[in-house]
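This report covers helix packing, sheet layout and salt bridges in a single chain. Please read it alongside the sequence and model shown here.

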Amino acid sequence: MASSFEKYQKRRLITSYFSVVISIALVLFLVGLLALLVLNTKKVADHFKEQIALSIYLKDTAKEVEIDQLQKSLALSEYTKSIEFVSKEEAARAYSKEIGEDFMEFLGYNPLQNSIDVYFNADYVSETKIAEISRDLGEKEFVDEIIYDKPLIALLNDNIKRLSFWILAVSGLLTFIAVLLINSSIRLSVYAKRFTIKTMQMVGATKRFIRRPFILKSVKLGIIGSSISLIGMAVVLYYLDRSFPELKLISDEILLAAIFAGVLVLGILISWLSTFFATQRFLNLKTDELYY
């Protein structure tokens with residue numbers, strides 16, 4: 001009979017530990033992904049900003065030396081990410097492919113112009129800065145027209161600001177919920193041993209002596225749960241990097257190390273604090289109060 005009861009208690013204990021580990025792993029996995037998202041928001045936003053191009057259309061009278069000088073000047077400018085010269089012939093081929101027929105056969109000539117597409121560094125993608133750059137470039141005599149998508153730039157910047165705010169707000173809320181969930185799981189595991197805690201106290205064990213094995217066990221569970229969450233984060237990060245290599249999500253090794261270390265420390269810290277306060281609560285209860 002006693003043996004059966006011991007086996008039952010042991011199974012309950014293992015189930016309790018398992019639930020704590022899973023709770024910690026799932027919650028920290030979510031917190032870790034949110035941390036990656038928050039810290040990479042700017043990188044993702046910069047990637048989209050740098051896809052916006054300003055097209056400089058050149059007059060047919062533009063000399064080759066003038067075009068070369070303009071390209072060199074643009075390439076050396078601090079606001080330039082990259083430039084691409086598109087000849088009128090290349091533009092005609094691309095347009096013909098897009099519409100599915102050779103429009104030059106119908107017109108008898110090529111109405112398109114040579115152009116230079118300028119892609120900006122993300123910090124310069126704003127309505128004010130691009131308008132100023134466009135105005136300066138438009139003063140050149142051999143430049144016919146400058147075109148860029150003003151509404152798209154305004155919409156992109158507004159959405160990035162709005163998205164960044166909500167990501168931070170949701171991350172803060174979910175982090176708070178994560179702490180509460182881990183704390184609740186650990187408190188339940190300590191609650192199951194409240195009579196053992198009170199028995200040890202009644203036979204003269206000090207509070208520090210009673211707390212120590214509970215804290216050590218919880219810290220071990222916290223490390224296991226954190227390790228599982230880190231493995232999950234690494235797998236997700238690997239597949240995201242394979243799917244979106246242009247974002248270079250794993251290029252900043254120091255940042256990744258800081259996030260992974262932060263998740264591990266958070267798991268240990270929450271486990272330690274939750275166990276400390278949970279055991280302290282039961283140590284301060286009277287014997288009659290343990291039944292409620």
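## Packing of H7 against H9

The classes are set by angle: under 35 degrees is roughly parallel, over 145 roughly antiparallel, 65 to 115 roughly perpendicular, and the rest oblique. For H7 and H9 the angle is about 60 degrees, and the axes are 9 Å apart. Axes here are lines fitted to C-alpha atoms, for helices over the stretch in contact, and angles run from 0 to 180 degrees between N-to-C directions. Helices (H or I, at least four residues) and strands (E, at least two) are DSSP runs, numbered from the N terminus.

H7 passes H9 in a right-handed crossing; a crossing is right-handed if the near helix is turned clockwise from the far one by less than a right angle, and left-handed if anticlockwise. On the H7 side the residues involved are Arg194, Ile197, Lys198 and Gln201, which meet Thr279, Phe282 and Leu283 of H9. Contact means heavy atoms within 4.5 Å. By class, this contact has three nonpolar, two polar and two charged residues. Ala, Val, Leu, Ile, Met, Phe, Trp, Tyr, Cys and Pro count as nonpolar, Asp, Glu, Lys and Arg as charged, and the others, Gly among them, as polar.

## Basis of the model

The model is predicted, with local features requiring pLDDT of at least 70 and side-chain atom pairs counted only at pLDDT 80 or more, while totals for chains, interfaces and linings use all residues. Residues are numbered from 1 along each chain as its sequence is written, and side-chain values use heavy atoms, leaving out hydrogens and water.

## H8 and its two partners

Helix H7 (residues 194-202) also packs on H8, at an angle of about 150 degrees and with the axes 9 Å apart. The two are therefore roughly antiparallel, and their crossing is right-handed. Ile197, Met200 and Gln201 of H7 make this contact with Lys207, Phe209, Ile210 and Phe214 of H8. Its composition is five nonpolar, one polar and one charged residues.

H8 (residues 207-243) packs against H9 (residues 253-284) as well, at about 150 degrees with axes 8 Å apart. H8 and H9 are therefore roughly antiparallel, and they cross in the right-handed sense. The contact of H8 with H9 has 18 nonpolar, ten polar and two charged residues.

## The four-stranded sheet

Four strands form an open sheet in the order S2-S3-S1-S4, with antiparallel pairing; strands pair if DSSP finds at least two bridges between them. Strand S2 (80-86) and strand S4 (143-147) are at the edges with a single partner strand each, so one side of each has no neighbour in the sheet. From one strand to the next, the twist averages 20 degrees.

Strand S1 (residues 53-58) is joined to S4 by four bridges, the two strands running antiparallel. Ile56 has Ile146 as its bridge partner in S4, and Leu58 stands opposite Val143 of S4. S1 also pairs with S3 in the antiparallel sense, over five bridges, and Tyr57 has Ser115 as its bridge partner in S3. Helix H2 (residues 64-76) lies across S1, S2 and strand S3 (115-120), at about 160 degrees to S2.

## Salt bridges

There are two salt bridges in the structure, each defined as a side-chain nitrogen of Lys or Arg within 4 Å of a carboxyl oxygen of Asp or Glu. In one of these, the side chains of Lys81 and Glu50 meet at 3.9 Å, N to O. Lys81 belongs to strand S2 and Glu50 to the loop between helix H1 (2-49) and S1, so the pair ties together parts 31 residues apart in sequence.
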